[in-house]
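Welcome! Please take a look at the sequence and the model below, and then we can walk through them together.

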Amino acid sequence: VRIIQQSEEMIIERLGSYNGTLKAGLHFIIPIIDEPRSIAWKVTYDSGPHTYSTIRMVDRIDMRENVYDFPSQSVITKDNVSIQINALLYFQVADSFKATYSVASLPLAIEKLTQTTLRNVIGELELDQTLVSREIINAKLRDILDEASNKWGVKVNRVELQDITPPP
């Protein structure tokens, strides 16, 4: 017996092959023959003054909007200035089947895609443009990431640059 909560889905495999997707509600599965498929998921823990994230295997896919906070990274602008940028990504899993079977590690794929896209977009701009055109950068990032992650069953809703730190 499996109870799936609202806004969650579970992928069931029968003898190692996709059998179906369980939506919210009460479900009966055959022990040993039917098994939930695990998916890598990024989990954030808040322990007082410190917040840290880890990737762990879960058997339920959260269909609500998720937020990934990426660590600050060094990016080089068109005029060869190294700046530190911290970004937030708001996304939602639209297709749990694709999110499970189209990519080995969804959190890692989203993180690496965001980092490389951010470097490419900022690399096309000069320092002055980067500091004053946050909305344009956010929109460009969202469009590129949404198109690229569509094949993984993910809808990118928003990208926000939290902090842009130029060199001293």
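## Contacts along the chain

Take the contacts in the protein chain between residues at least 6 apart in sequence: 58% of them join residues at least 24 apart. Please keep in mind that this is a predicted model.

## The chain as a whole

The protein chain has 168 residues, and 42% of them count as buried.

If you trace the C-alpha atoms, the protein chain spans about 60 × 35 × 25 Å along its principal axes. Its secondary structure comprises 4 helices and 12 strands.

## Where two helices meet

Two packed helices are described by the angle between their axes and the distance between the axes. Here you can look at helix α2, residues 106-123, and helix α4, residues 134-149. Their axes come within 10 Å and cross at roughly 135 degrees. The crossing in which α2 passes α4 is right-handed.

## The residues in the contact

Which residues of α2 meet α4? On the α2 side you will find Leu113, Thr114, Thr117, Leu118, Val121 and Ile122. Across from them, α4 brings in Ile137, Lys140, Leu141, Ile144, Leu145, Ala148 and Ser149. Sorted by class, this contact of α2 with α4 has 9 nonpolar, 3 polar and 1 charged residues.

Methods:
Residues are numbered from 1 along each chain as its sequence is written. This is a predicted model: local features need pLDDT of at least 70, side-chain atom pairs count only at pLDDT 80 or more; totals for chains, interfaces and linings use all residues. Side-chain values use heavy atoms; hydrogens and water are left out. Axes are lines fitted to C-alpha atoms, for helices over the stretch in contact, and angles run from 0 to 180 degrees between N-to-C directions. Helices (H or I, at least four residues) and strands (E, at least two) are DSSP runs, numbered from the N terminus. A crossing is left-handed if the near helix is turned anticlockwise from the far one by less than a right angle, and right-handed if clockwise. Contact means heavy atoms within 4.5 Å. Ala, Val, Leu, Ile, Met, Phe, Trp, Tyr, Cys and Pro count as nonpolar, Asp, Glu, Lys and Arg as charged, and the others, Gly among them, as polar. Buried means under 20% relative accessible area, exposed over 50%, partly exposed in between (1.4 Å probe, protein chains only).
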